[in-house]
Amino acid sequence: MGLHDRVADWAKDFDHTDEVWAADPYAIWDELRSTCPVAHSERYGGVWLPTRHEDVVAIAYDTERFSSRSVVVSKFRAPIELAPVGTAPPISSDPPFHKQARKVLLPVFSPRAIAALEPSTRAYCEELVEQLRGRDVVDAAADYAQHIPVRVIANMLGLPESDADMFRRFVHHVLEGVSLPIEERVAGMVPLFDYLQGHITAHADAPQNDLISLLLDSEVDGRKLDVFEVARTIALLLIAGIDTTWSAIGASIWHLARTPADRDRLVAEPELMPKAIEELLRAYAPVTMARLVKEDMDWNGCPMKADDWVLLPFPSANRDPAAFADADDVVLDREVNRHLAFGVGIHRCVGSHLARMELTVALQTWLAAYPDFELADADAVRWSEGQVRGPRALPLRIRA
Amino acid sequence: MMKVHVDQDRCQGHGRCYLAAPELFAADDLGNGREIGAGPVPAGLEHQAQLAVANCPEGAVAMEETS
């Protein structure tokens with residue numbers, strides 16, 4: 001966004017919001033993995049970047065030495081006093097608090113609960129593809145992918161779908177405004193919290209059959225969550241549920257648009273879809289998480305300092321040749337695929353079953369409506385910046 | 001006789017076992033994977049069982065020979 005100096009040395013001075021990274025981080029990670037597997041940068045007050053599968057997994061499991069109280073790298077770190085709850089529980093929580101906060105959400109995002117949302121998701125995807133009929137060139141990111149998760153999560157929460165633009169603005173600010181001064185960073189979050197407070201109060205007065213009412217009724221640590229805690233959890237679900245799935249749907253369509261053989265195979269062999277979904281998630285995992293180092297230590301030869309950030313680039317781990325055969329190839333029928341698209345350890349993405357359902361339905365519906373499509377202008381494809389990566393502009397030529 | 005088992009201390013609810021082998025595993029109310037019944041692997045489902053083991057990101061699924 002022009003707020004930082006350009007990167008010349010990815011091993012010693014990387015910036016994960018740099019436009020070179022946004023355009024193609026895989027080349028950067030491949031190079032680092034073989035030359036400097038744990039990169040470091042003084043930016044953001046100190047950040048480490050493990051690129052190997054083995055190291056990403058080890059840090060994700062090590063909740064003793066790495067805290068989750070902030071998971072988006074910026075100049076602002078949640079103070080240690082916020083642990084173990086963190087800024088947006090349970091993603092920002094450490095043990096032992098984490099488990100109880102997570103347990104509130106798990107039943108709502110279980111496979112059984114998510115299966116019940118599939119028909120309405122499919123109907124919505126069908127509505128979206130029909131709106132594109134008759135057009136020659138469409139933007140699969142802006143006209144299709146971005147609408148699906150925001151609608152599903154708004155319905156789950158009990159917020160009006162018509163506020164989708166505001167949710168996306170908020171998420172964009174949180175995820176891509178990381179280089180802003182702290183005052184602007186905080187100010188950008190205020191409108192959503194004001195808005196949520198109104199909806200939460202209304203739900204407290206008149207409970208509904210939705211996630212906001214469920215959160216208001218939930219107990220963690222033997223007491224009910226207060227309005228602010230509920231708001232933070234809703235903010236988390238918006239942040240975690242919108243850009244991520246939008247990115248996965250968009251990146252998958254991007255892959256199929258530039259790989260006609262895979263596109264045609266998926267159209268001809270729809271039973272391949274479950275394996276293909278896992279492979280697309282592996283190859284284009286959208287999410288990189290972060291941790292904070294708890295205390296000064298030597299970690300595998302790296303002199304880590306308290307409050308240093310550590311990025312956990314799950315998409316880099318997913319391309320590590322030490323963990324996956326033909327790691328850089330997309331193999332739609334890959335059978336053994338222990339990918340980390342949804343993380344690993346206690347913070348496994350709570351919404352993974354929802355994301356998988358949305359991605360499956362979105363691709364099935366798209367391919368049924370438009371089995372023949374290609375990039376209209378490869379140079380016009382634009383990717384998001386920062387820790388969630390997916391196409392934000394994806395012009396396609398479609399032939400019905 | 002082969003049997004499968006999900007280690008509940010390691011399982012984080014990725015769901016890869018019940019996606020790979022719904023005949024052998026099911027989700028509980030939290031989304032964690034559980035072997036169905038005592039986890040016997042009927043003839044013909046050995047490959048699915050192996051895939052469930054190989055695809056668990058947490059290494060929580062095991063298959064072993066029982067008498």
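**View 1. A:Ser67 sits in strand S3 of chain A, residues 66-67.** Strands here are DSSP runs (E) of at least two residues, and helices (H or I) have at least four; both are numbered from the N terminus. The model is predicted: local features need pLDDT of at least 70, side-chain atom pairs count only at pLDDT 80 or more, and totals for chains, interfaces and linings use all residues. Residues are numbered from 1 along each chain as its sequence is written, chains are lettered from A in the order in which they are written, and side-chain values use heavy atoms, without hydrogens and water. A:Ser67 counts as buried because its relative accessibility is 1% (buried is under 20% relative accessible area, exposed over 50%, partly exposed in between; 1.4 Å probe, protein chains only). Its side chain reaches the backbone nitrogen of A:Arg69 at 3.1 Å. Beyond neighbours within four places in sequence, A:Ser67 is in contact with A:Asp94, A:Arg291, A:Leu292 and A:Lys294 (contact: heavy atoms within 4.5 Å).

**View 2. The largest nonpolar core has 132 residues.** Such a core is a set of buried Ala, Val, Leu, Ile, Met, Phe, Trp, Tyr and Cys residues joined through side-chain atoms within 4.5 Å. A:Phe109, A:Ile234, A:Ile253, A:Trp366 and A:Leu396 have the most contacts inside it. Helix H18 of chain A (residues 352-369) gives the most to this core, 10 residues. A second, separate core has 15 residues, including B:Leu24 and B:Val41.

**View 3. A:Ile234 touches several residues of chain A.** They are A:Leu157, A:Leu159, A:Leu196, A:Ile200, A:Ile212 and A:Leu215, with residues up to four places away in sequence not counted.

**View 4. Chain A meets chain B.** Here 21 residues of chain A are in contact with 19 of chain B. The two chains bury about 1,700 Å² between them, 47% of it on carbon and sulfur atoms (buried area: accessible area, 1.4 Å probe, that two parts lose on being put together, summed over both). In chain A, A:Glu335, A:Arg338 and A:Arg348 lose the most area to chain B, together 30% of what that side buries.

**View 5. A:Arg112 and B:Asp29 form a salt bridge.** Their side chains meet at 2.9 Å, N to O. Helix H4 (97-105), helix H5 (111-115) and H18 of chain A each give two or more residues to the side that touches chain B.

How values were computed
A polar contact is a pair of N or O atoms within 3.5 Å; within protein, one must be able to donate a hydrogen and the other to accept it, and residues adjacent in sequence count only if both atoms are side-chain atoms. A salt bridge is a side-chain nitrogen of Lys or Arg within 4 Å of a carboxyl oxygen of Asp or Glu.
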